[in-house]
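Grab a pencil, try each task, then read the solution.

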Amino acid sequence: MADVSQLLALYETTESLTEAKEALDRIAAMEYPADLELGECYDELAEGAANSDDYELAVEAERLAVEHGCRHPDLAVDMLGWYLLKAGATEEGEAVFAASLERRANDPDLHGTIGAARSDSGNHEGAVRAFDRALELAEAGRAARSSESLNDRLRVERLRAERQESRQDLGLPPDEPVHTAGIASPRFTEAPSYTVAWFPREEIALALDRWPSLADDLEDPGAYCAIIESRLRDLRAATGRVPSVAPLTVEGLVEFGEANGLDPETREARSRFAAELGSRDEVVAWPPGRNDPCWCGSGRKYKRCCG
């Protein structure tokens, strides 16, 4: 009879998603080490199944991820609702979202996720309604704060872009451009792409020497990469699209800031430089395959590193 380590090795190496789930199910029926994050394994399996368009398996695995506990439980529940819609279980998927709304009714990102899930499943009328509510909440939150962050502006622009696509899918005329804080809402003719700025490990020491204010973020490279991984997952959940990682160099960021009148020490400069790298396709694909090296350059498998 296989023990936990053998079953975990099978899960990590098999190319069959079905075999991977069977291995996890057998582990779940045993006494397994407390530090084995079984919920995370099921969550990764659900993602792999969804990437292979096997949404029935994705639903099964995501349910078990929620049941066994994973690092991002709200996100796991949101993805369960999404996978249910994609699997054709519309009523059940909408019920999952309705339950989340009872707890997070004023969360614009949740409404945006619902809009993206409905759009991805072909319900563009429902998607527009969800995006409308997401924008209403995002605008209200922005107006209530004394100062506006770059994240606030990017959230509103992203939601407008997503709503625009759903309106176009319905054959509706494009919205009039809305100007906020000097930034016009973009009119996308193609689906927007998303990038997340990231200093590779070999650039961290250079970045800290030049900008000591980044110490809280960069001093622990492992924790820093975990934060970037979380941002990538959140962005995918909010948009329905797979983002990429934009590796920043200190020299490149400084040159970009000088050319564009930006302070390279700021988050805005890093975000805009990341977008520029994305437009030049100078990015790292995310997420890696189940058995591929991690995107962060540690040399370890993604599952055993940031995954």
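**Exercise 1.** Does Glu40 count as buried or exposed?

*Solution.* Start with the ground rules. This is a predicted model, where local features need pLDDT of at least 70, side-chain atom pairs count only at pLDDT 80 or more, and totals for chains, interfaces and linings use all residues. Residues are numbered from 1 along each chain as its sequence is written, and side-chain values use heavy atoms, with hydrogens and water left out.

Next, the cut-offs: buried means under 20% relative accessible area, exposed means over 50%, and partly exposed lies in between (1.4 Å probe, protein chains only). Glu40 has 3% relative accessibility, so Glu40 counts as buried.

**Exercise 2.** Find the salt-bridge partner of Glu40 and say where both residues sit.

*Solution.* A salt bridge here is a side-chain nitrogen of Lys or Arg within 4 Å of a carboxyl oxygen of Asp or Glu. Glu40 pairs with Arg71 at 3.7 Å, N to O. This pair links distant parts of the chain: Glu40 is in helix H3 (residues 38-51), while Arg71 is in the loop between H4 and helix H5 (73-86), 31 residues apart. Helices are DSSP runs (H or I, at least four residues), numbered from the N terminus.

**Exercise 3.** Which residues are linked with Lys21 in a network of salt bridges?

*Solution.* The network holds Lys21, Asp25 and Glu60. Take the Lys21 and Glu60 pair: their side chains meet at 3.7 Å, N to O. Lys21 belongs to helix H2 (residues 17-28) and Glu60 to helix H4 (residues 55-68), 39 residues apart, so to speak from distant parts of the chain. Lys21 is buried at 12%, whereas Glu60 is partly exposed at 41%. By the same rule, the count comes to 18 salt bridges.

**Exercise 4.** What does the side chain of Arg233 contact, and why is Arg233 called buried?

*Solution.* Look in helix H12 (residues 221-239), the place of Arg233. Its side chain makes a polar contact with the side chain of Asp43 at 3.2 Å. For a polar contact you need a pair of N or O atoms within 3.5 Å; within protein, one must be able to donate a hydrogen and the other to accept it, and residues adjacent in sequence count only if both atoms are side-chain atoms. Arg233 is called buried because its relative accessible area is 6%.

**Exercise 5.** How far apart are the C-alpha atoms of Cys296 and Cys306?

*Solution.* They are separated by 7.6 Å, and the two residues are ten apart along the chain. Cys296 is in the segment after helix H14 (267-279) and is buried, with a relative accessible area of 2%.

Methods:
Helix = DSSP H or I, 4+ residues; strand = E, 2+ residues; numbered from the N terminus.
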